[in-house]
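I opened the model to look up how its parts and its copies sit against each other. My notes follow.

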There are 2 protein chains.
Amino acid sequence: MKQISTISFIGSGNVATHLALAVKAAGFEVKDVFSLHKNHADILAAKVEARAVGSLAELQRDTDLYLLAVPDKIIDPIVRTFHYVEGIVAHTSGITPMETLQKTARYGVFYPLQTFSKEKEPDISKVPFCIEGNSSDVLQSLSDLAANLSDVVYEINSDQRKYLHLAAVLVNNYTNYLYRMAFDILDAQQMDTSLLMPLIEETFAKIREMHPDKAQTGPARRKDLPTIEKHLSLLEEFPQYKELYTLFAEQIIKKYHEQL
Amino acid sequence: MKQISTISFIGSGNVATHLALAVKAAGFEVKDVFSLHKNHADILAAKVEARAVGSLAELQRDTDLYLLAVPDKIIDPIVRTFHYVEGIVAHTSGITPMETLQKTARYGVFYPLQTFSKEKEPDISKVPFCIEGNSSDVLQSLSDLAANLSDVVYEINSDQRKYLHLAAVLVNNYTNYLYRMAFDILDAQQMDTSLLMPLIEETFAKIREMHPDKAQTGPARRKDLPTIEKHLSLLEEFPQYKELYTLFAEQIIKKYHEQL
């Protein structure tokens, strides 16, 4: 089995950027960075001493691994254009099945279960990498690469990965939206949002120690309808938030008071 | 102005327990612990070397502070029974106006903005205490007490406090429910929920560095309808979660794609 030592990136967004920086820092060579927007490719390529290319035909064909970090819907059309490569082709998507890459000979999935933003450098060593391969060789090569970046590497099949991606949306995207709702509410009162930080931290700390089923507290948990009514009356200027608040309250009441 | 040195607790639940332990540890004397369930009062009283009482009439009348940590709806009926005391009477509720205590001479609010569970000891020194008093003397006395327990003490009026309490429900109770949804989904697939921990931690870490408006990522943020459809199809066995997922997705799409 040939170890991966050279990697080209298809895509230059947040995922591509953080992964490219991580593999470069771990001693791998980044050969090409492709982006439909050549100027985006230029920026990333400069950071990792790679070559920027604006068309897939320009990709060097002797790279060990082609990592696709692009929007899900263009994975398939992109792969059709260079399925002839010898290296491994892997995507980084949570929701796209591995078999989307089956036109290539050696393919797999290299899915980092984390949220990446331009503004914040994540600690890659703590990011769980979810790996899949169409052969034991590919699986091993991708796992070895992941182990060079992170302490946490899992073999996860496409079906499990979908559920993981769904769960990630809940605990990251939707949790963040709850934060945003809270911030909007305090901002409207000219109140300091940093007041909420210890509570947000404790909410996270609790989940490490007990199942969220047990950690549930609050007005809905104790079916405190007068408090819920008061809260709803505070949300008159945020009709969308009122709707979401109501649905949470209904569901929590149902879970804890009607399904006993 | 007389400093508070003795405190009696009305209530013996999670909030009363954690506060009583904290004031005791900070060198204050806990005189009485009242609970309608005398055996609950016994348990807490034993921990803080106090006297347990099962009727309000038994409360010693020369205590500096009577702290009510009871369900909101019984604050008023309880206060009616001992409005004659000379000490300060304060409640610990997020949603109850201070004026609910106006039958007493010296009253205020001592609201810890934190979630308290039996199973987990919070770091009281990091808990924001939101203080209100019906006179500058009461305000000062309660603030001094809070400063003995915590590094974070704010003067917050009853109106602001309601909004804080609402915001706290979002970032704690409802976030916790999202965690529970995610855990239920992975549990149903016999998958390891600890895979989500780094992502949960990063979600919290991000909010310290950027406004949640900027931290928002994910399928709804980029209006990726095919991914949203796939996620909804995974939620067939959880119709309630499907409903909540849908409402979040709709609202985030609306925020980022229709209100530009």
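I started with the domains: chain A is assigned domain 1 (6–156) and domain 2 (162–258), with bounds from an automatic or database domain assignment. This is a predicted model, in which local features need pLDDT of at least 70, side-chain atom pairs count only at pLDDT 80 or more, and totals for chains, interfaces and linings use all residues. Residues are numbered from 1 along each chain as its sequence is written, and chains are lettered from A and ligands numbered from 1 in the order in which they are written.

I took the centres of the two domains of chain A over C-alpha atoms and found 36 Å between them. Six residues of domain 1 of chain A contact five of domain 2 of chain A (C-beta atoms, placed from the backbone, within 7 Å).

Next I looked at the two chains. Their contact draws 78 residues from chain A and 79 residues from chain B. On the chain A side, helices H5 (158–188), H6 (197–209), H7 (212–215), H8 (225–234) and H9 (239–258) each give two or more residues; helices are DSSP runs of H or I, at least four residues, numbered from the N terminus. H5(A) gives the most, 24 residues.

Last, I checked the symmetry. Chain A superposes on chain B by a rotation of 180° with 0.0 Å of shift along its axis, RMSD 0.0 Å (least squares on C-alpha atoms of residues with pLDDT of at least 70 in both). The copies are therefore related as by a two-fold rotation axis. A:Thr175 comes closest to the axis among residues of chain A, at 2.8 Å (C-alpha). I noted that 100% of the contact residues of chain A recur in chain B.

Terms used
Two residues are in contact if their C-beta atoms, placed from the backbone, lie within 7 Å.
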